[in-house]
There are 2 protein chains.
Amino acid sequence: MQDTPEVAVLRLGHRPGRDERMTTHVGLTARALGADRVVLAGAATDRRESVAAVTERFGGPFDVTTTDDPEAFLAAWPGTVVHLTMYGLPLQDVEAEIRSRWLAEEAPDSDTGTPLLAVVGAEKVAFEVYRVADWNVAVTNQPHSEVASLAVFLDHLFEGRELGREFTDAERVVVPQAEGKRVEDA
Amino acid sequence: MQDTPEVAVLRLGHRPGRDERMTTHVGLTARALGADRVVLAGAATDRRESVAAVTERFGGPFDVTTTDDPEAFLAAWPGTVVHLTMYGLPLQDVEAEIRSRWLAEEAPDSDTGTPLLAVVGAEKVAFEVYRVADWNVAVTNQPHSEVASLAVFLDHLFEGRELGREFTDAERVVVPQAEGKRVEDA
């Protein structure tokens with residue numbers, strides 16, 4: 001979001017056929033809940049186009065790209081890596097520290113902060129990812145959903161401010177209604 | 001969760017083949033993030049078994065059932081109905097009121113509260129659902145994911161306390177780790 005260091009999401013292990021909707025939901029959740037961009041690993045070109053089409057219609061800024069070499073992307077990341085996994089440390093125990101590093105509150109000489117990469121896997125994640133992550137974080141230590149974990153993580157990181165995020169260059173805008181649907185041309 | 005009025009989730013419109021993983025993720029997210037039960041509409045027997053198997057392994061209490069008549073289920077619901085939709089009112093504007101109704105804070109004579117049903121659809125939701133809902137609520141007015149919406153809604157309703165929910169009668173327990181995986185027999 002504006003005025004804060006970059007937050008990107010890396011979606012690992014997309015399997016064509018099997019993961020289409022989950023990967024799309026990861027990308028759309030990243031966009032809706034305040035991330036600046038999503039990087040999809042693997043053969044996810046169709047998913048990239050789905051997410052880009054939503055950005056085209058409902059606004060941005062939001063970038064979506066694919067990578068064939070997620071290991072290299074992770075190794076080259078210039079900031080903090082947070083891997084979301086049910087095996088990690090409870091979100092509520094580490095979120096203040098993560099936010100502090102992200103906003104550089106712990107380094108008062110710096111006003112630039114540290115870019116944050118949130119990593120979500122599909123079925124099985126290589127051990128290397130656990131190793132390179134600065135934090136392995138669990139949104140509960142229960143099995144559920146990478147989409148749910150990403151959503152709660154971003155909402156906690158942004159402390160709910162992302163819910164009021166404004167998008168620019170939209171073609172269409174939803175006007176909130178107590179009942180029914182209202183969509184207007186922007 | 002314990003000591004609060006019931007929170008149930010109704011998953012509408014499950015389409016066999018197409019919605020298998022999304023419906024499973026809705027069920028598992030409901031369980032992990034503090035709901036007491038999930039009701040799956042349509043031919044979701046396999047999904048019911050997947051969610052029940054996780055409860056068997058990682059603990060409960062959590063109920064999962066199916067219904068062939070979601071309209072009747074909705075009409076018979078004895079409490080509040082919250083329909084999650086991108087067309088609704090912003091979560092941040094209505095969550096305090098919803099929580100207050102749920103906990104019966106607005107009716108000091110009552111200490112029982114009001115059961116809450118959170119409704120999430122698949123692709124297209126009948127207009128009747130918008131009409132019978134006490135609140136149509138948007139977790140952002142952007143297109144993203146019913147799993148993400150449900151996760152953020154429950155986390156806001158429970159004010160994050162669900163992240164520390166304890167499960168009973170588990171066969172296996174994940175022990176949080178800074179790096180790697182540790183699962184123990186309970």
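1. Leu157(A) is found in helix α6 of chain A, where helices are DSSP runs of H or I with at least four residues, strands are runs of E with at least two, and both are numbered from the N terminus. With 23 C-beta neighbours inside 10 Å, Leu157(A) counts as buried; a residue is called buried if 20 or more other C-beta atoms lie within 10 Å of its own, exposed if 12 or fewer, and partly exposed in between, with C-beta atoms placed from the backbone.

2. This is a predicted model, in which local features need pLDDT of at least 70, side-chain atom pairs count only at pLDDT 80 or more, and totals for chains, interfaces and linings use all residues. Residues are numbered from 1 along each chain as its sequence is written, while chains are lettered from A and ligands numbered from 1 in the order in which they are written.

3. Leaving aside residues up to four places away in sequence, Leu157(A) touches Ile98(A) and Arg99(A), a contact being two C-beta atoms, placed from the backbone, within 7 Å. Between Leu157(A) and Arg48(A) there are 109 residues of sequence separation and, C-alpha to C-alpha, 25 Å in space.

4. In chain A, six strands form an open sheet in the order β3-β2-β1-β5-β4-β6, with parallel pairing; two strands pair if DSSP finds at least two bridges between them. Strands β3 (63-67) and β6 (135-138) of chain A stand at the edges, each with a single partner strand, so one side of each is left without a neighbour in the sheet.

5. Within that sheet, β1 (residues 7-14) and β2 (residues 37-42) of chain A pair in the parallel sense over five bridges, and Val9(A) stands opposite Val38(A) in β2(A). Helix α2 (residues 45-58) of chain A packs on the sheet, touching β1, β2 and β3 of chain A, and its direction makes about 175° with that of β3(A); axes here are lines fitted to C-alpha atoms, for helices over the stretch in contact, and angles run from 0 to 180 degrees between N-to-C directions. Helix α6 (residues 146-157) of chain A also packs on the sheet, touching β1, β4 (80-90), β5 (116-120) and β6 of chain A, at about 160° to the direction of β5(A).

6. In chain B, the buried residues of α2(B) are Arg47(B), Val51(B), Val54(B), Thr55(B) and Phe58(B). Seen down the axis of α2(B), these buried residues fall within an arc of 100°, so they line one face of the helix, the arc being that of the directions from the helix axis to the C-beta atoms. The face turned away from the buried side carries the exposed residues Thr45(B), Asp46(B), Glu49(B) and Ala53(B).
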